[in-house]
Amino acid sequence: MVNTQIPLRLDVVDSHTAGEPTRCVLAGGPHLGFGPLADRLERLRAHHDVYRRAILCEPRGSDVLVGAFLVEPVDPACAAGVIFFNNAGYLGMCGHGMIGVAVTLAHLGRIEPGEHLIDTPVGTVRIELHPGNRVTIRNVPAYRYHAGVTVEVPGYGTVTGDVAWGGNWFFLVGGPPFPLTLDQVEPLTAYAWEIRRALAAAGVTGANGAEIDHIELFTPAHDPANDSRNFVLCPGKAYDRSPCGTGTSAKMACLAADGHLEPGQPWLQEGILGSVFEGSYHCDGSEAAGNGIPPGAKKIIPTVTGSAYVTAECTLIFDPADPFRLGVPE
Amino acid sequence: MTEAAGNGIPPGAKKIIPTVTGSAYVTAECTLIFDPADPFRLGVPE
């Protein structure tokens with residue numbers, strides 16, 4: 001049966017990771033039963049989706065927020081289980097969200113600095129909490145799928161970039177016609193959106209025809225201590241306030257494929273706010289494999305380190321008389 | 001029944017005194033936290 005009700009109150013802790021916000025739901029969430037988190041995610045999606053919009057959409061949330069339900073892990077070796085969600089649906093894993101959850105767990109006194117395992121619907125994720133709110137996450141394997149793909153973008157001319165997987169599908173473009181600064185977000189968003197549409201129109205996809213739904217633009221870093229600056233447009237047309245964990249992973253896959261970054265070498269990726277993720281990678285010697293992946297594609301295993309800060313301890317209130325208690329209509 | 005008056009208001013403009021009624025609902029009770037170590041504790045740069 002589909003649940004259409006939510007409690008009057010829900011306790012959450014809000015944080016930001018390099019500027020990108022996460023809302024961690026501590027108590028009051030739906031009962032999802034036991035067993036693998038992938039199964040619990042399906043129960044959440046099928047029966048309790050009402051929570052997602054109520055917690056994350058306006059007027060209590062925003063398009064930029066990622067939500068995280070804390071749940072009991074399956075494996076008792078895990079410090080916690082987490083199911084990520086956003087305004088559009090559910091996420092198997094989320095880089096900035098995982099860093100935010102780790103710092104939230106530390107804020108709550110549930111974990112100490114050191115290595116921890118966190119259960120997710122896509123498997124166990126290894127994290128390391130460092131002193132000073134820094135967290136390292138080990139991402140899924142990343143690889144470059146196509147190099148130097150040229151598309152005709154209406155209004156902008158020809159644009160050439162790489163297609164890479166870093167946990168999401170990215171099109172990576174250097175030398176955008178606008179500087180990567182906050183006052184240029186509007187033209188940057190329009191430019192990136194037109195590239196995305198042009199890729200779809202030209203039939204340029206990730207493996208197995210997967211839509212490329214993240215566009216990542218690069219310029220030299222503003223801070224000479226960093227290696228690069230980026231602007232990432234996410235699927236819902238919001239831009240990533242952080243340097244984007246999966247986008248940093250996709251970038252490192254391209255650098256590794258071109259021989260420009262060695263295993264273990266740090267890559268300091270600056271985002272649109274000037275905040276930084278530190279990436280590096282190692283290889284396990286295997287190649288990327290799967291339907292439609294070109295033979296010989298170099299697979300890297302990225303780690304991404306970033307900082308998160310708790311911004312609020314909140315009790316969300318859902319007044320039964322409030323016409324928007326379940327979020328504004330779609 | 002007075003007319004609007006003042007700099008730039010056309011003579012004879014009909015002046016109204018509006019009232020507006022709407023509903024509001026409390027959505028959260030929050031404690032905002034400003035960690036001194038947080039580079040964005042004062043908001044993102046303009």
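Modeller: Strands β7 (residues 123-129) and β8 of chain A run antiparallel and are joined by three bridges. Strands here are DSSP runs of E with at least two residues, helices are runs of H or I with at least four, and both are numbered from the N terminus. Two strands count as paired if DSSP finds at least two bridges between them. This is a predicted model, in which local features need pLDDT of at least 70 and side-chain atom pairs count only at pLDDT 80 or more, while totals for chains, interfaces and linings use all residues. Residues are numbered from 1 along each chain as its sequence is written, and chains are lettered from A and ligands numbered from 1 in the order in which they are written.

Within this pairing, T136(A) of β8(A) has E128(A) opposite. Four residues lie between the two strands of the hairpin, and G132(A) takes a positive phi near 75° there. Strand β8(A), residues 134-138, has V135(A) and I137(A) on its covered face, with R134(A), T136(A) and R138(A) on the uncovered one.

Strand β8(A) also pairs with β16(A), antiparallel, through five bridges. In that pairing V135(A) is opposite G306(A). V135(A) is also in contact with A102(A), as are I127(A) and L129(A), when neighbours of A102(A) within four places in sequence are left aside. Contact means that C-beta atoms, placed from the backbone, lie within 7 Å. A102(A) is one of the residues that touch the most other members of the largest nonpolar core, which has 52 residues; A68(A), V82(A), I83(A), F84(A) and M98(A) are the others. A second, separate core has 43 residues, including Y143(A), F170(A), C254(A) and A288(A). A nonpolar core is a set of buried Ala, Val, Leu, Ile, Met, Phe, Trp, Tyr and Cys residues joined through C-beta atoms within 7 Å. A residue is buried if 20 or more other C-beta atoms lie within 10 Å of its own, exposed if 12 or fewer, and partly exposed in between.

Strand β16(A) runs antiparallel to β1 (residues 28-32) of chain B, with five bridges between them, and T315(A) has E29(B) as its bridge partner. The contact between the chains takes 18 residues from chain A and 15 from chain B. On the chain A side, β16 (residues 301-317) gives the most, nine residues. By class, that side has eight nonpolar, six polar and four charged residues. Nonpolar covers Ala, Val, Leu, Ile, Met, Phe, Trp, Tyr, Cys and Pro, charged covers Asp, Glu, Lys and Arg, and the others, Gly among them, are polar.

Chain A itself is divided into domain 1 (9-139 + 310-317) and domain 2 (143-299), with bounds from an automatic or database domain assignment. Their C-alpha centres lie 25 Å apart. Of domain 1 of chain A, 13 residues are in contact with 16 residues of domain 2.

Helix α1 (residues 37-47) of chain A has L37(A), R40(A), L41(A) and L44(A) buried. Seen down the axis, the buried residues of α1(A) fall within an arc of 105° (taken from the directions from the helix axis to the C-beta atoms), so they line one face of the helix. They pack against β3 (66-71), β4 (80-85), β5 (90-91) and β6 (114-120) of chain A.

Methods
Two residues are in contact if their C-beta atoms, placed from the backbone, lie within 7 Å.
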